[in-house]
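Me: I have a model open and would like to talk it through with you, one question at a time. Could you take a look?

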Amino acid sequence: MRRTSALLGLAVAASFSVPLLTAGPAQATAKDCMQYLNARGYVVGPKVTAICTKTEAGGSEKACVTSLVGLGVSTTHAATACEYAKK
């Protein structure tokens with residue numbers, strides 16, 4: 001009886017751990033885009049929020065970079081931020 005209970009316990013524990021092991025990588029979002037820019041010292045206001053959000057929703061990554069550069073973000077930082085929003 002103890003052996004059956006132990007095996008049942010292991011089966012239940014395994015059923016909870018399998019989804020954790022097979023989960024895919026976290027998806028980047030508009031929030032990641034904004035946090036990245038904020039961490040680099042940029043002001044993240046309504047314009048940046050709108051650009052990151054639009055990009056996450058399917059907007060062009062190129063348009064995102066152009067828009068952020070137009071707001072004073074360096075090209076390198078804009079490209080990285082937009083990449084985060086697009087994934």
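Predicted model: local features only at pLDDT ≥ 70, side-chain atom pairs only at ≥ 80, totals over all residues.

Me: What percentage of the residues of the protein chain count as buried?
Reply: Buried here means a relative accessible area under 20%. The protein chain has 87 residues, and the share of them that counts as buried is 22%.

Me: Which parts does the disulfide of cysteine 33 and cysteine 52 tie together, and how many residues apart are they in sequence?
Reply: The sulfur atoms of cysteine 33 and cysteine 52 are 2.0 Å apart, and a disulfide joins the two residues. Cysteine 33 lies in helix α2 and cysteine 52 in helix α3, so the link ties together parts whose separation in sequence is 19 residues.

Me: Are cysteine 33 and cysteine 52 buried or exposed?
Reply: The cut-off for buried is under 20% relative accessible area. Cysteine 33 has a value of 0%, and cysteine 52 also comes out at 0%. Cysteine 52 touches Ala30, Cys33, Met34, Leu37 and Ala85, leaving out residues up to four places away in sequence. Cysteine 33 is therefore buried, and cysteine 52 is likewise buried.

Me: What is the angle about the S-S bond in the link of cysteine 64 and cysteine 82?
Reply: This disulfide has its sulfur atoms 1.9 Å apart. It links distant parts of the chain, with cysteine 64 in helix α4 and cysteine 82 in helix α5, 18 residues apart. Cysteine 64 is buried at 1% relative accessible area, and cysteine 82 is buried at 0%. The link is left-handed, and the angle about its S-S bond is -85 degrees.

Me: What is the pairing of the bonded cysteines when they are numbered in sequence order?
Reply: The whole structure holds two disulfides. One joins cysteine 33 to cysteine 52, and another joins cysteine 64 to cysteine 82. In sequence order, the pairing is 1-2, 3-4.

Me: Is α3 roughly parallel or roughly antiparallel to α4?
Reply: Val48, Ile51 and Thr55 in α3 meet Glu61, Cys64, Ser67 and Leu68 in α4. The two helices α3 and α4 pack with their axes 9 Å apart, at an angle of about 170 degrees. Angles over 145 degrees count as roughly antiparallel. The orientation of α3 to α4 is therefore roughly antiparallel.

Me: Which residues is threonine 55 in contact with, leaving aside its neighbours within four places in sequence?
Reply: Threonine 55 is placed in helix α3. At 3% relative accessibility, this threonine 55 counts as buried. Its contacts, leaving aside neighbours within four places in sequence, are Ser60, Glu61, Cys64, Cys82, Ala85 and Lys86.

Me: How far apart in space are valine 65 and threonine 75, C-alpha to C-alpha?
Reply: Valine 65 lies in helix α4 and is buried, with 18% relative accessible area. Beyond residues up to four places away in sequence, valine 65 touches Ala78, Ala79 and Cys82. Valine 65 and threonine 75 are 10 residues apart in sequence, and their C-alpha distance is 7.0 Å.

Me: How far apart are the closest N and O atoms in the salt bridge of glutamate 83 and lysine 87?
Reply: Side chains of opposite charge can pair when their charged atoms come close. The structure holds one salt bridge. Glutamate 83 is partly exposed, at 38% relative accessible area, whereas lysine 87 is exposed, at 52%. In the salt bridge of glutamate 83 with lysine 87, the distance between the closest N and O atoms is 3.5 Å.

Definitions and conventions. Residues numbered from 1 in each chain as written. Heavy atoms only, no water. Salt bridge = Lys/Arg side-chain N within 4 Å of Asp/Glu carboxyl O. Buried < 20%, exposed > 50% of the residue type's maximum accessible area, 1.4 Å probe, protein only. Contact = heavy atoms within 4.5 Å. Disulfide = S-S within 2.5 Å. Helix = DSSP H or I, 4+ residues; strand = E, 2+ residues; numbered from the N terminus. Axes fitted to C-alpha atoms, helices over the stretch in contact; angles between N-to-C directions. Parallel < 35°, antiparallel > 145°, perpendicular 65-115°, else oblique.
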